[in-house]
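This report goes through one protein chain, from its contacts and overall form to a few single residues. Keep the structure in view while reading.

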Amino acid sequence: MAQQQSTLYNALTSGSKIIGTVIADQDFRIDGTIEGDVQCTGKVIIGEHGMLNGSVSCENADIHGTLDGKIKVNQTLTLRATAKLTGDVATGTLIVEPNAQFNGTCTMQK
């Protein structure tokens with residue numbers, strides 16, 4: 001019998017709050033609030049109502065909500081139409097949908 005592969009990820013649900021540093025070995029979805037830093041070896045997703053005040057370091061990121069701080073993405077950062085990003089960005093590829101808000105600096109890296 002073949003085993004099905006499941007996609008592993010971590011999540012912070014709406015109404016939850018973390019103050020401090022989060023370290024995740026898998027993808028991490030934020031629908032609550034984080035005041036601190038996120039270090040992730042996978043993809044970070046900030047949901048439409050999610051908020052992060054701090055810094056992020058990850059492979060890929062998909063922002064629908066609010067990020068106030070610094071973000072370093074090794075591959076692709078996507079700012080969705082509902083995104084509000086204030087701060088410094090370092091990424092390989094930046095995708096910005098119409099109506100996304102971005103106020104800060106951006107450094108593109110190889």
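## Contacts along the chain

In the protein chain, 2% of the contacts with a separation of 6 or more are between residues 24 or more positions apart. The model is a predicted one.

## Strands and overall form

The protein chain has ten strands and zero helices. Read from the N terminus, its elements run β-β-β-β-β-β-β-β-β-β. The radius of gyration is 14 Å, close to the 13 Å that the globule rule gives for 110 residues, so the protein chain is as compact as a globular protein of that length. The C-alpha trace spans about 50 × 35 × 25 Å along its principal axes.

## Surface and charges

Of the 110 residues in the protein chain, 35% count as buried. The chain exposes about 6500 Å², and carbon and sulfur atoms supply 47% of that area.

## The nonpolar core

Which residues touch the most other members of the largest nonpolar core? They are F28, I30, V38 and I71, in a core of 24 residues. The elements that give two or more residues to this core are β2 (17-24), β3 (27-30), β4 (33-40), β5 (43-46), β6 (51-58), β7 (60-63), β8 (66-79) and β9 (84-96). The most comes from β8, which gives five residues.

I71 can be followed in more detail. With residues up to four places away in sequence not counted, I71 touches V56, A61, I63, L77, L85, D88, V89 and A90.

T78 is found in strand β8. Is T78 buried or exposed? Its relative accessible area is 9%, and a residue counts as buried under 20%, so T78 is buried. Leaving aside neighbours within four places in sequence, T78 is in contact with A61, D62, I63 and I95.

R80 has its place in the loop between β8 and β9. With a relative accessible area of 26%, R80 is partly exposed. Leaving aside neighbours within four places in sequence, R80 is in contact with D62, I63, H64, E97 and A100. One of these partners, D62, is 18 residues from R80 along the chain, and the C-alpha atoms of R80 and D62 are separated by 7.2 Å.

Where does N99 lie? N99 is in the loop between β9 and β10 (101-108). Although N99 is not a glycine, it has a positive phi of about 80 degrees. The relative accessibility of N99 is 67%, and the cut-off for exposed is over 50%, so N99 counts as exposed.

T41 is found in the loop between β4 and β5. At 52% relative accessibility, T41 also counts as exposed. With residues up to four places away in sequence not counted, T41 touches A24, D25, Q26 and E59. How many residues apart in sequence are T41 and N103? They are 62 residues apart in sequence, and 26 Å apart in space from C-alpha to C-alpha.

Technical notes:
Residues are numbered from 1 along each chain as its sequence is written. This is a predicted model: local features need pLDDT of at least 70, side-chain atom pairs count only at pLDDT 80 or more; totals for chains, interfaces and linings use all residues. Side-chain values use heavy atoms; hydrogens and water are left out. Helices (H or I, at least four residues) and strands (E, at least two) are DSSP runs, numbered from the N terminus. The radius of gyration is taken over C-alpha atoms; the globule rule is 2.2 Å times the number of residues to the power 0.38. Buried means under 20% relative accessible area, exposed over 50%, partly exposed in between (1.4 Å probe, protein chains only). Contact means heavy atoms within 4.5 Å. Accessible areas come from the Shrake-Rupley method with a 1.4 Å probe; for residues, only the protein chains shown count as cover. A nonpolar core is a set of buried Ala, Val, Leu, Ile, Met, Phe, Trp, Tyr and Cys residues joined through side-chain atoms within 4.5 Å.
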